[in-house]
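Here's a short walk through one structure, from its aromatic rings out to its loops. Have the sequence and the 3D view open as you read.

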Amino acid sequence: MTDLEPRIRPLVEALNNTGLVRTFSSCEGHYEPAEQTFQDRNRAYVKFIPAPGIAESAVEQWLGSLLIQFKISHGYLPVHLTGSKNFTPTDDTVETSFTLEFIPFNRFDPPDTKRADTNRAIGQVTALLQL
């Protein structure tokens with residue numbers, strides 16, 4: 001975990017501490033024009049799989065509950081929090097994983113505003129995980 005970006009690190013650690021999931025990829029979001037690449041970097045995310053011995057259905061239920069808790073506590077603005085289940089084809093099978101994503105609601109906001117909003121939402125989700 002030494003290569004984790006500092007703004008997403010607390011959330012990654014909180015997710016791993018739930019005992020339900022193991023993270024494998026994350027991004028704190030990059031909003032400055034000079035930070036843009038061919039991929040959309042105007043969002044933050046954490047990708048994860050179920051921890052050993054945890055069923056995918058348990059992670060699905062937990063993720064849905066987390067999204068509802070966030071919406072009730074913080075609403076949709078200024079960051080839209082989404083969760084998804086991903087299907088990735090390999091040589092002879094399909095692997096599944098999950099993504100928790102922070103998308104600034106107004107893509108036209110200045111980079112500093114999107115950064116501050118994302119940082120706040122990451123902190124809010126981290127706090128929900130530590131309850």
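## Ground rules

This is a predicted model, so a word on confidence: local features need pLDDT of at least 70, side-chain atom pairs count only at pLDDT 80 or more, and totals for chains, interfaces and linings use all residues. Residues are numbered from 1 along each chain as its sequence is written, and side-chain values use heavy atoms, with hydrogens and water left out.

Helices (H or I, at least four residues) and strands (E, at least two) are DSSP runs, numbered from the N terminus. Buried means under 20% relative accessible area, exposed means over 50%, and partly exposed is in between (1.4 Å probe, protein chains only).

## The aromatic cluster

How many aromatic pairs does the structure hold? There are two. Rings of Phe, Tyr and Trp (its six-membered ring) pair if their centres lie within 6.5 Å; planes under 30 degrees apart count as stacked, over 60 as edge-to-face and the rest as tilted. Phe48 and Trp62 make an edge-to-face pair, with 6.1 Å from centre to centre and 75 degrees between the planes. Because Phe48 sits in strand E2 (residues 44–50) and Trp62 in helix H2 (residues 56–74), this pair ties together parts that are 14 residues apart in sequence. Phe48 is buried, at 0% relative accessibility, and Trp62 is buried too, at 16%.

The rings of Phe48 and Phe98 are stacked, because their planes are at 15 degrees, with the centres 5.9 Å apart. Phe98 belongs to strand E4 (residues 94–104), so here the link with Phe48 in E2 joins parts that are 50 residues apart in sequence. Both of these Phe residues are buried. Put together, ring pairs link Phe48, Trp62 and Phe98 into a cluster.

## The nonpolar core

A nonpolar core is a set of buried Ala, Val, Leu, Ile, Met, Phe, Trp, Tyr and Cys residues joined through side-chain atoms within 4.5 Å. The largest one here has 25 residues, and those with the most contacts inside it are Leu11, Phe48, Trp62, Leu100, Phe102, Val125 and Leu129. H1, E2, H2, E3, E4 and H3 each put in at least two residues.

Trp62 is worth a click. Leaving out neighbours within four places in sequence, Trp62 is in contact (heavy atoms within 4.5 Å) with Leu15, Thr18, Leu20, Val21, Phe48 and Leu129.

## Helices H1 and H3

The buried residues of H1 are Leu11, Val12, Ala14, Leu15 and Asn16, and they pack against strand E1 (21–27), E2, H2, E4 and H3. Asn16 has a relative accessible area of 18%, and its side chain reaches the backbone nitrogen of Thr23 at 2.9 Å. Just after H1, Gly19 takes a positive phi of about 80 degrees.

Buried residues in H3 include Lys114, Arg115, Asp117, Ile122 and Val125. The buried residues of this helix pack against helix H1 (9–17), E2, H2, strand E3 (79–89) and E4.

## Polar and charged spots

Glu101 is in strand E4 and counts as buried at 16% relative accessibility. Its side chain makes a polar contact with the side chain of Arg43 at 2.6 Å. A polar contact is a pair of N or O atoms within 3.5 Å; within protein, one must be able to donate a hydrogen and the other to accept it, and residues adjacent in sequence count only if both atoms are side-chain atoms. Not counting residues up to four places away in sequence, Glu101 touches Arg43, Ala44, Tyr45, His80, Leu81 and Thr82.

Tyr45 also has Lys47 over its face, at 5.4 Å from the ring centre. That label needs NZ of Lys or CZ of Arg within 6 Å of the ring centre and within 35 degrees of the ring normal.

## Loops

A cis peptide bond joins Leu77 and Pro78, with omega about 0 degrees; Pro78 is in the loop between H2 and E3. Gln39 is in the loop between E1 and E2 and is exposed, at 63% relative accessibility.
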